[in-house]
Amino acid sequence: MLTKRIIPCLDVKDGRTVKGVNFVNLRDAGDPVELAAAYAQNGADELVFLDISASEEKRKTLADMVYRVAEQINIPFTVGGGIASVEDVDILLKNGADKVSINSAAVKNPDLINQLAAKFGSQCIVVAIDAKQINGQWKVHLVGGKVPTEIDLFDWAKEVAQRGAGEILFTSMDHDGTKNGFANEALSKISTQVNIPLIASGGAGKISHFVDTFVSGKADAALAASIFHFKEIEINALKKALHSQQIPIRL
Amino acid sequence: MKTVIIDYGAGNIQSIQFAFARLDVTAVLSSDVHEIAVADRVIFPGVGEASSAMSKLKDSGLDTLIPTLKQPVLGICLGMQLMCNQTEEGNIQGLGVFDVNVKRFTSAVKVPQMGWNALNQMQGSFFKGVPNNAYVYLVHSYYAPLCNQTVAQTQYEIPYSAALQKDNFMGVQFHPEKSGTVGAQLLTNFLNQS
């Protein structure tokens with residue numbers, strides 16, 4: 001049976017992991033390779049690297065990091081953050097990324113999704129969608145959730161799937177950072193309307209939130225950052241707990 | 001022993017090369033028919049779309065070479081699918097190594113299947129040391145149904161072929177290079193096949 005995936009998200013800047021990461025056993029907590037290996041060891045099913053650097057050297061630094069991660073890590077990983085062209089994607093995949101995630105660039109130029117799917121295959125194209133509710137309506141937001149658009153979340157989710165996205169990573173800006181649980185109502189609606197895998201993101205605070213997002217949110221995978229980095233929840237323990245609640249999980 | 005990964009411009013071959021490097025094996029990338037023909041082990045990778053991958057194979061003459069190889073050959077993901085008779089993806093003829101036609105999952109399930117799924121009904125030395133229900137990583141929209149050459153199964157919508165074998169040819173739908181320690185064990189077993 002296909003299992004639900006648990007995905008830690010690592011923010012990287014200039015090839016280094018950022019956010020205070022609380023892994024006492026690491027020699028260098030800023031080294032993406034070491035951190036990725038620790039997560040793979042601890043049962044992570046996949047990893048997401050989100051590049052937040054803005055430097056001129058960004059592209060090369062990120063490609064180098066991807067190469068070093070791919071060299072050492074034997075589970076799949078996705079790379080996102082500022083990816084805007086076929087050429088950006090080509091470099092990352094050639095260096096060993098399994099998937100790339102695009103966000104604002106897809107909203108600005110939806111045809112990019114078609115181009116990427118045609119050239120590289122849908123299986124490696126993740127479309128990340130940030131959204132929050134405005135007057136009760138879910139609206140897509142850009143630039144890490146800062147800039148609202150008029151685009152309806154559910155319409156956009158359907159459109160990206162039709163254009164060839166292989167997966168959707170949906171982050172609710174209303175839930176992100178609250179630790180009060182995922183946006184399960186919206187997730188469930190997307191998952192029912194769109195026939196590609198869906199990753200839930202934003203709001204994880206405790207184990208029951210993961211159960212809820214897999215059961216009521218109908219998510220195929222769940223992503224979180226700080227609760228894993230600060231060891232508020234250990235991935236191994238989380239997966240055992242999910243397994244004991246009859247959620248299909250790889251142990 | 002020389003291990004060659006067929007490089008025909010279709011797929012994440014870097015990850016496969018790294019997976020062998022982690023086993024202390026240098027796998028060489030090659031599109032050269034002669035170099036591939038004399039290698040001791042051949043890896044036939046592939047991701048992306050079937051008809052464009054098949055045209056690339058034809059352009060380099062690899063479509064006629066691959067079915068004639070005598071050494072152990074491992075097709076991975078789309079590589080395995082192209083070794084079948086035919087595929088619904090682009091409705092193209094395959095290399096005909098495996099006597100089965102590749103089909104698309106229906107919309108009763110999410111397509112592509114993406115993630116970790118369990119292997120069972122495993123047969124043969126390729127699976128030595130791999131326990132029943134071991135998890136492997138898969139990403140695919142098309143699958144090979146069960147057939148006489150099925151040597152491992154996975155369940156998604158229906159039970160289907162996770163691995164196919166005919167003589168020296170092995171094909172796997174999953175990605176051993178991304179399947180953690182189980183994947184590493186399978187690649188080691190492949191290198192140890194006689």
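**Figure 1. Polar contacts between chain B and chain A in the predicted model.** Between chain B and chain A, 16 residue pairs are in polar contact, both residues of each pair being at pLDDT 80 or more. On the side of chain B that touches chain A, at least two residues each come from α1 (13–22), β8 (113–118), β9 (135–140), β11 (150–156) and α6 (180–192) of chain B. The most is given by β8(B), with 6 residues. By residue class, this side of chain B comprises 12 nonpolar, 12 polar and 4 charged residues.

**Figure 2. Salt bridges between chain B and chain A.** The two chains are joined by 2 salt bridges. One salt bridge pairs B:Lys178 with A:Asp98, whose closest N and O atoms lie 2.9 Å apart.

**Figure 3. Area buried between chain B and chain A.** About 2500 Å² is buried between the two chains, and carbon and sulfur atoms give 54% of this area. Of the area that chain B buries against chain A, 31% is supplied by B:Lys110, B:Met114 and B:Trp116, more than by any other three residues. The contact involves 38 residues of chain A and 28 residues of chain B.

**Figure 4. Packing of helices α2 and α3 of chain A.** The axes of α2(A) (residues 58–72) and α3(A) (residues 86–94) come within 9 Å and cross at roughly 30 degrees. The two helices are therefore roughly parallel to each other, as angles under 35 degrees count as such. A:Arg59, A:Leu62, A:Ala63 and A:Val66 of α2(A) make the contact with A:Glu87, A:Asp88, A:Ile91 and A:Leu92 of α3(A). These residues divide into 5 nonpolar and 3 charged, with no polar residues.

Note on methods:
Residues numbered from 1 in each chain as written. Chains lettered and ligands numbered in written order. Predicted model: local features only at pLDDT ≥ 70, side-chain atom pairs only at ≥ 80, totals over all residues. Heavy atoms only, no water. Contact = heavy atoms within 4.5 Å. Buried area = accessible area lost by both parts, 1.4 Å probe. Salt bridge = Lys/Arg side-chain N within 4 Å of Asp/Glu carboxyl O. Polar contact = N/O pair within 3.5 Å; in protein donor to acceptor, adjacent residues only side chain to side chain. Helix = DSSP H or I, 4+ residues; strand = E, 2+ residues; numbered from the N terminus. Nonpolar A, V, L, I, M, F, W, Y, C, P; charged D, E, K, R; others polar. Axes fitted to C-alpha atoms, helices over the stretch in contact; angles between N-to-C directions. Parallel < 35°, antiparallel > 145°, perpendicular 65-115°, else oblique.
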